[in-house]
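Colleague: I have a new structure open and I'd like to learn how to read it. Could you walk me through it, feature by feature?

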Amino acid sequence: VGLLGDSLAETEALRKDFRVKLIAQGWAVSAKDAAVFLQRAVDFEAIALNLHLGHAYLTTSEAIDLIGDVQRLADGYGMPLLLETHRGRLTQDLFRTAKLLAQLPEIVLALDLSHYIVAGETLGGSEKLFHTHVGPLLARTALIHGRISNGQSIQVAVDDGFAFTSVTQSLWQQAMQFWLADAPADAVFLFEPELGPPPYAYLTREGRETFSRTTETHTLTYLGRQAWVCAQATTAPSLGS
């Protein structure tokens, strides 16, 4: 749930009526921005804040400083912080995100692999290097945005992205394996079938989406559950492999 402006009262009413737990989401380019969303997340008793942090033009040192400042704030609020992998943020490309993780062991990710599939126009020109750099991200993932990319579009129907469905599902499974290796007994892994609105979603000339959200959500949920079952049956992969 994104906690923004006029939606706050509606969100609170829904939370009370349905007794649901929320994952808050925010967009911040500074620690000051992040503090607003952290306070709202606390007010709504969210279980975590999923944050789109920074922008595309931060240097590595600037990104490290910003993450450190926001993480200290989150610790002060007692709110688990997840940094989302997303284009146009400080996590925008796989190579840089892996470098940030190497220097900041406290980072926990909300992983949306589709952004890296698009940014690399598939696997970035080297399947071996893609898997080398994505490994550390999988080991630090606590939430997965279930979405399929075909390398050109961020969000396609599973059938249209068939060439990358198996790769993506395998990476989801590996992230789950890493998480299971040291998760507390009462911990919960989060998988969110994600279908963004237009312009993420293609529209026909008549303004209709090209596939059924209900059908695709069920399909993505099924793929996520398959990955989870396989992850429970296997041990975590080695980062050195």
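Colleague: Let's begin with polar contacts. Which side chain does R15 meet in a polar contact of 3.1 Å?

Modeller: Keep in mind that this is a predicted model. Here the side chain of R15 is joined to the side chain of E12, at 3.1 Å. R15 itself sits in helix α1, which covers residues 7-18.

Colleague: Is R15 buried or exposed?

Modeller: For that, look at relative accessibility, with under 20% as the cut-off for buried. R15 has 14%, so it counts as buried. Setting aside neighbours within four places in sequence, R15 is in contact with V20, L22, D43, F44 and E45. E45 is 30 residues away from R15 in sequence, yet their C-alpha atoms are 9.7 Å apart.

Colleague: Let me try W27. Where is W27 placed, and how is its accessibility classed?

Modeller: W27 belongs to strand β1, residues 23-28. Its relative accessibility is 35%, so W27 counts as partly exposed. Its side chain also makes a polar contact, of 3.3 Å, with the side chain of H52. You can compare sequence and space here too: W27 and N50 are 23 residues apart along the chain, and 8.9 Å separates their C-alpha atoms.

Colleague: And Q155, which is in a loop? How is Q155 classed by accessibility?

Modeller: Q155 lies in the loop between β5 and α7. With a relative accessibility of 1%, Q155 counts as buried. Its side chain reaches the backbone nitrogen of G196 at 2.6 Å. Leaving out neighbours within four places in sequence, the contacts of Q155 include R147, I148, E194, L195, Y200 and F211.

Colleague: Now a whole helix. Which residues of α4 are buried, and what do they pack against?

Modeller: With a helix, check which residues are buried and then see which elements they touch. In α4 the buried ones are L94, R96, T97, A98, L100 and L101. They pack against α3 (60-77), β4 (109-111), α5 and α6. Have a look at the start of the helix as well: D93 caps the N-terminal end of α4, with a side-chain oxygen 3.3 Å from the backbone nitrogen of F95.

Colleague: What about empty space? How does one find it?

Modeller: The idea is to roll a probe the size of a water molecule over the atoms, which shows where empty space is left. In this model, the largest pocket has a volume of about 380 Å³. Its lining has 21 residues, and L82, V108, T141, A142 and W179 are the ones nearest the centre.

Colleague: Which elements build that lining, and what kinds of residue are in it?

Modeller: β3 (81-84), β5 (141-146) and α7 (162-182) each give at least two residues to the lining of the largest pocket. The largest share, 3 residues, is from α7. By class, this lining has 16 nonpolar, 2 polar and 3 charged residues.

Colleague: How much space is in the second largest pocket, and what lines it?

Modeller: The second largest pocket holds about 200 Å³. Two or more lining residues come from each of α4 (94-103), α5 (113-119) and α6 (127-138). The largest share, 3 residues, is from α6. The classes here are 7 nonpolar, 4 polar and 1 charged.

Colleague: How many cavities of 30 Å³ or more are there?

Modeller: There is 1, and the volume of this largest cavity is about 30 Å³. Its lining consists of R147, I148, V156, V158, L195, E216 and L220. R147, I148 and L195 are also among the contacts of Q155.

Colleague: Last one, the whole chain. What are its secondary structure and its radius of gyration?

Modeller: The chain has 8 helices and 6 strands. For overall shape, compare the radius of gyration with the value for a compact globule: with 241 residues that would be near 18 Å, and the chain has 18 Å, which agrees. Of those residues, 45% count as buried. Among contacts with a separation of 6 or more, 75% are between residues 24 or more positions apart.

Definitions and conventions. Residues numbered from 1 in each chain as written. Predicted model: local features only at pLDDT ≥ 70, side-chain atom pairs only at ≥ 80, totals over all residues. Heavy atoms only, no water. Helix = DSSP H or I, 4+ residues; strand = E, 2+ residues; numbered from the N terminus. Buried < 20%, exposed > 50% of the residue type's maximum accessible area, 1.4 Å probe, protein only. Polar contact = N/O pair within 3.5 Å; in protein donor to acceptor, adjacent residues only side chain to side chain. 1 Å grid on protein atoms, 1.4 Å probe; cavity = no way out; pocket = protein on both sides within 12 Å on 5 of 7 lines; lining within 4 Å. Points joined across faces, edges and corners; volume = space filled by probe spheres on them. Nonpolar A, V, L, I, M, F, W, Y, C, P; charged D, E, K, R; others polar. Rg over C-alpha atoms; globule rule 2.2 N^0.38 Å. Contact = heavy atoms within 4.5 Å.
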